[in-house]
Amino acid sequence: MSEVFRLNLSCFDPLGLVEKTGSFEDARPQLLESSRLFLDQQTENIFQFHRRGASGVEITLALTQLFDHLNQQLFSAASCQVDETSKKYCSLLALGGYGRCEMNPRSDLDLMFYYTEGGRQAAEKISDRMLYLLWDLSLDVGSTVRSSSDCLEQAELDTTVRTAMLDARFLAGSPLAWDDFMSRVFNHILGDAAQQFIKAKLEENQERRRKYGSSVYLLEPNIKEGEGGLRDLHAALWVARIKFKASSLRDLVIKGVLNEDEATNLENAYDYLWQIRNELHFLATRKSDQIQFEHQSKIAEYLGYKDNKRAPAVEQFMQAYYTHAAYVEHLSSSLIIKATQRDEVRSGVLGFFVRRHLEGGFTILRGEIRGGSDEMFRENPALIMKAFELAQRHDAELSVPLKLQIRDSLCLINDRVRRSKEMNESFLKILRHPKRVGSTLRQMHHLHLLNHFIPEFKRIFCKVQFDLYHIYTVDIHSLFAIEETCRLWDGEYDDEYPILARLAKDVAKRELLLLAVLFHDIGKGEGKDHSTHGASMVPTIARRMGLNREDSSRLQFLVQNHLAMVHVSQRRDLQDSRTVSDFAEKMQGMSENLRMLYLLTFADVRSVGPDVWSEWKGQLLQELYEKTYDLLEKGDFFHDKRSEKVRNRKRKVRTALLEDFPESRVNRCISNLSTRYLLSYHSSEIVKHLQLSLGRGKATLALDIEQHSEHNYTQLTLATLDSPGLFSQIAGVLSAHAINILGAQIHTRKNGLVLDILQVNSATGEAVENSAKWKRVELDLAGVLEGRVFVDVLLARQKTPSFMVEREKPKRPNRIDISNDVSDQYTVIDIYAHDRIGLLHDITRTLTDLGLYIAVSKISTKVDQAADVFYVRDIFGQKICLPEKLLKIEGDLLACLEEG
C-alpha cells in the first residue's frame with residue numbers, strides 16, 4: 001500500500017501529568033482518562049487505515065507502535081519518585097506475540113519487568129503502578145517480575161515460558177538490564193538443551209492439533225491455533241531458531257537455512273493471516289480467533305470478493321483461505337523437517353537398515369522410499385506416480401528429500417505425461433492394492449499431485465460449501481469417502497453393515513468404484529447441478545486413463561446419479577410401487593449399477609460430517625436397495641406376486657384376530673384395509689396394528705411404543721378417530737416434548753378410523769426410551785384431541801427465551817417443489833426450510849387449512865435445514881391438478897415458513 005501512515009503520539013504525555021500533580025497516585029485518575037482517550041483515538045485511526053486497505057503487516061506494526069508508546073510513556077510516569085539507584089537495574093520487556101511485533105486489535109499484552117541485582121524493589125513498584133492502570137483500561141495483560149535466575153528456573157519448568165522469552169524485545173528502562181537479559185537468559189535459552197526443547201514443541205504442536213482440529217479444512221477454522229494458522233508458522237520458526245541458534249527470520253536467511261524466496265513466502269503467509277485476523281478482531285465484540293459463520297461473509301466482503309456464477313463470495317473467500325492454510329501447513333512442515341532431519345546413515349545391518357534397490361531408480365532404506373538422481377523426474381515425470389506406488393507396495397514412507405523433489409517437479413506433468421500408459425498404470429495399481437489406498441491418495445493430495453495428474457480435481461481443491469451440513473471441503477470429503485469404502489474391504493464394517501461389506505467384496509473392479517467415489521463431487525467447482533457437470537467430465541478423464549468404453553459409461557452413470565439413492569430413500573414413499581419401478585428403470589436394468597451406487601452412496605453420506613449418517617437413513621437405503629434388486633432380478637414375477645401376497649396376508653391376519661375379537665368386527669376391519677397398506681407391512685405387523693385399533697374401545701386414542709435402539713429410533717403407532725388437522729396436532733405435541741419425527745405413514749380407513757405409524761428420535765438422535773416421557777406425551781395428545789389442551793401453549797414452553805440470542809448461521813432460501821409425476825395416486829410436496837421448533841406443526845396445519853389430506857410424510861433434517869416431503873390428496877381423494885390451486889398451496893406454505 002502506498003499510503004504512509006503515522007500515529008499522533010505527541011498528544012500523550014503521562015510523565016507531564018505526574019510532574020504537574022506531584023505524585024503518580026494523585027495523577028492516576030487523569031492518567032487513566034488520558035490513556036483511554038489516547039487509545040480510543042489512535043485505535044480508531046488504525047481501524048480507518050485498515051478499512052482503506054492496509055496490509056496485515058502494516059496494521060500489526062501500527063498497533064505494536066501504539067502499545068509500545070503507551071507502555072513506554074506509562075513506564076516513565078510510573079518510574080517517578082522511585083529510588084534512582086534501583087531504577088538503573090530494571091527494564092520493561094515485551095514477550096510473546098507482542099515481543100514479535102505481531103499485535104492484532106484484541107491481542108494480549110505480554111510484559112516482563114526484568115531486574116538485575118539491586119533492581120527488584122523498583123521493578124515491583126513500577127509493575128504495580130502500571131498493571132492496575134492497564135487493567136482499568138480493559139486490556140488483556142499478562143505480566144511477571146523476574147530476575148535472570150527466575151527466568152532460567154521458569155524456562156526449565158515450562159516450555160511456554162521459554163518460548164515467550166525467545167521473542168523478548170526491549171521496551172523501556174535500563175539498557176544495562178536488557179543487556180544482562182540477553183547474555184544471561186536469551187543466549188542460554190537459545191543454546192541450551194535444543195533437542196529437548198524441539199521435542200517438547202513438536203509434542204505441543206500435536207496436542208494443539210488434537211484440541212483445535214487436525215485438519216486444515218474445518219468448517220469454522222481457528223486462524224491462530226488451527227492447522228494452517230498462525231501457530232503453525234510460530235512453531236516452525238521457534239524450532240528452526242533453536243536448532244540453528246538464530247535470533248530472527250532474517251538471521252535464518254543469513255545462516256543459509258532459508259533462501260530469500262522462502263523467507264518472502266513466510267512473510268507473505270503471515271501478512272495474509274494477519275489481515276484476516278485484524279478484520280476478525282475489529283468485527284468481534286469479544287476476543288475470538290475462530291472464523292465463525294457470522295463473520296465469514298463480512299470478511300469476504302471486506303476482502304473484495306463478489307458473488308459469481310460459480311460460487312457466492314463467502315465460498316470463494318473460504319476456498320482461498322483453505323488453500324492458503326494448506327500452503328502454510330506445507331511451509332511450516334518443510335521448515336520443521338529441515339530443523340529435525342537427521343543425517344542419513346549410509347551403512348547398516350541387514351534388513352531395515354540396508355539400502356535396497358527398487359525399480360525406476362528408487363531405493364528403500366529404514367522404511368523410506370528414496371529417489372535416485374536429481375534429474376530422474378525431469379527425464380521421466382511418470383516416475384512421480386511410481387514413487388507412491390512403491391511406497392504403498394512396500395508399506396514405506398516417502399523420504400523428506402523425495403517429497404520436496406516431487407513438489408518441485410509437478411510442473412513437468414503436462415497432458416502428454418497425464419495420458420502416458422506408465423503413469424496411469426501406476427495410479428490404477430494404487431487403487432487396486434488391498435492396503436493403504438486412502439493414505440496414499442491423501443499424501444498425493446497433500447503434495448498437490450492429484451491436482452496436476454487430474455486437473456479437473458483442482459477445481460474442487462479446498463472448495464467450500466457455506467452451510468452447517470458439509471463439515472469438510474469438497475476434496476477432503478471425497479478422500480474421506482475413499483477411506484470409508486476401503487473400510488468395507490478391510491473388514492471394519494463386517495459386523496455393523498454385513499450386507500454392504502458383502503456387496504463391497506463382490507465388486508469385480510475395485511478401482512472403478514474408487515474412481516466413482518473420488519470423482520462423485522468433481523462437478524462442484526462448476527456451479528449448480530454438480531452431478532451433471534461432473535458426469536460430463538468423466539469421458540475425458542476416462543480416455544486419459546485408458547479406461548474401456550463400458551467402464552467409462554458406468555463411471556459416468558455413478559457420478560451422474562450419486563445423489564439419487566439418498567433422495568429416493570429419504571424423500572419418497574418406498575411402499576409406492578411406482579417409486580421403486582422408476583428407480584429400477586434408472587439403473588438401466590443392471591444390478592451391478594445398483595450395487596455400486598449403493599456402496600458409493602454409503603461412502604458419500606458417511607463422510608459428509610459427524611452425525612450426518614444415522615442408522616435410520618441406513619435402513620431406508622437398504623430397503624430401497626433390496627426392493628430395487630428384487631425388481632431387477634425377478635421382473636414381472638415381483639409384480640405378479642402382489643395380489644397373491646394381499647390374499648395371504650388377509651387370511652393370516654383374520655385367523656390371528658379371531659382369537660381375540662368377534663368375527664363381524666374382524667371382517668369389517670379387514671374389508672376397510674387398502675391394498676397399499678396390506679403390501680406395506682408383514683402379517684405380524686398388521687395384526688399388532690389392528691389389535692391396537694380394535695382394542696382402543698371408547699378411549700380417545702391408543703398408543704404402542706416399539707424401541708429400535710440398535711437403529712437409534714422409536715416407532716410410535718397411534719390409533720384414533722380421524723379429525724381435521726390430526727397429523728398437525730400430533731406433530732405439535734411431539735415437538736413440544738422435543739421428539740423429532742423422522743417419517744410418518746398415515747392410514748385413514750373408509751370408516752374414519754386412523755392408524756398413524758411414526759418413526760421418531762430424541763433431540764440427540766437416539767431412541768426415546770423414557771417411559772415416563774411417553775406417558776406425558778399420551779396425556780397431552782389425549783388432551784389436544786379432546787380440546788382440553790392447546791398445541792400452541794405446549795409449543796410455547798419449548799421456544800428459545802428472548803434473552804438467548806442464537807449465533808448467526810448460513811441460511812438457504814425457503815423452497816417449495818410440487819409434483820404430480822412422482823406418484824400415481826398423490827401430489828407430492830417437497831419443502832425446504834430453515835429448521836425451528838414447531839416447524840412441522842406449522843406446515844401440517846397449513847396443509848390442513850388448504851383442505852389437503854396427508855397420506856405419507858418423510859422428515860429429514862440436515863443439521864439446521866429441514867427437507868420435508870408430503871404425499872397429499874384433496875377432500876375428494878384426488879391429486880391436485882388445477883394450476884391456481886397449486887400456486888395457492890405454494891404461496892401459503894412459503895408464507896407459513898416466513899412467519900415462523
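A nonpolar core is a set of buried Ala, Val, Leu, Ile, Met, Phe, Trp, Tyr and Cys residues joined through side-chain atoms within 4.5 Å. Buried means under 20% relative accessible area, exposed over 50%, and partly exposed in between (1.4 Å probe, protein chains only).

The model is predicted: local features need pLDDT of at least 70 and side-chain atom pairs count only at pLDDT 80 or more, while totals for chains, interfaces and linings use all residues. Residues are numbered from 1 along each chain as its sequence is written, and side-chain values use heavy atoms, with hydrogens and water left out.

**Stop 1: the cores**

Select F362, I369, I406, F427, L449, I454 and F519. In the largest nonpolar core, which has 101 residues, these seven touch the most other members. Now centre on F519. Leaving aside neighbours within four places in sequence, F519 is in contact (heavy atoms within 4.5 Å) with I454, I541, M545, L555 and V559. Another core, of 48 residues, lies apart from the largest one; among its members are L32, L63, Y98 and A122. In soluble globular proteins, nonpolar side chains tend to be buried together.

**Stop 2: helix α6**

Helices (H or I, at least four residues) and strands (E, at least two) are DSSP runs, numbered from the N terminus. Helix α6 covers residues 120–136, and its 17 residues should span 24 Å at 1.5 Å a residue; the end C-alpha atoms are 24 Å apart, which agrees. The expected span is 1.5 Å times one less than the number of residues.

Colour the buried residues of α6: A122, A123, I126, S127, R129, M130, L131, L133 and L134. An α-helix has 3.6 residues a turn, so residues three or four places apart point the same way. Around the buried residues of α6, show their packing partners: the helices α2 (24–51), α3 (56–78) and α4 (84–87), and the strands β1 (90–94), β2 (109–115) and β3 (141–146). After α6 comes S138, with a positive phi near 65°.

**Stop 3: salt bridges**

Stay on α6 and pick R129. Its side chain meets that of E25 in a salt bridge, at 3.4 Å from N to O. This pair links distant parts of the chain, with R129 in helix α6 and E25 in helix α2, 104 residues apart. R129 is buried, at 8% relative accessibility, whereas E25 is partly exposed, at 44%.

A salt bridge here is a side-chain nitrogen of Lys or Arg within 4 Å of a carboxyl oxygen of Asp or Glu. The whole structure has 51 of them.

Next, select R606 and E484, whose closest N and O atoms are 3.5 Å apart in a salt bridge. Here too distant parts of the chain are linked: R606 is in helix α31 (residues 591–606) and E484 in helix α24 (residues 474–489), 122 residues apart. R606 counts as partly exposed at 23% relative accessibility, and E484 as buried at 8%.

For a pair in another part of the sequence, show R815 and D817, which form a salt bridge at 3.0 Å, N to O. R815 is partly exposed at 41% relative accessibility, as is D817 at 29%. Then select R100, E102, D167 and R241, which a network of salt bridges links.

**Stop 4: helix α17**

Select residues 383–393. This is helix α17, mostly covered, with 10 of its 11 residues buried. D395 follows α17 and has a positive phi, near 50°.

**Stop 5: two loops**

D494 is in the loop between α24 and α25 (498–506). At 33% relative accessibility, D494 is partly exposed. Not counting residues up to four places away in sequence, D494 touches L488, A501 and K505.

V768 is in the loop between β12 (753–762) and α38 (771–785). It is buried, at 5% relative accessibility. Beyond four places in sequence, V768 touches Q707, T714, I739, N761, S762, K773 and W774.

**Stop 6: strand β15**

End on Y853, in strand β15 (residues 853–862). Y853 is partly exposed, with a relative accessible area of 47%.
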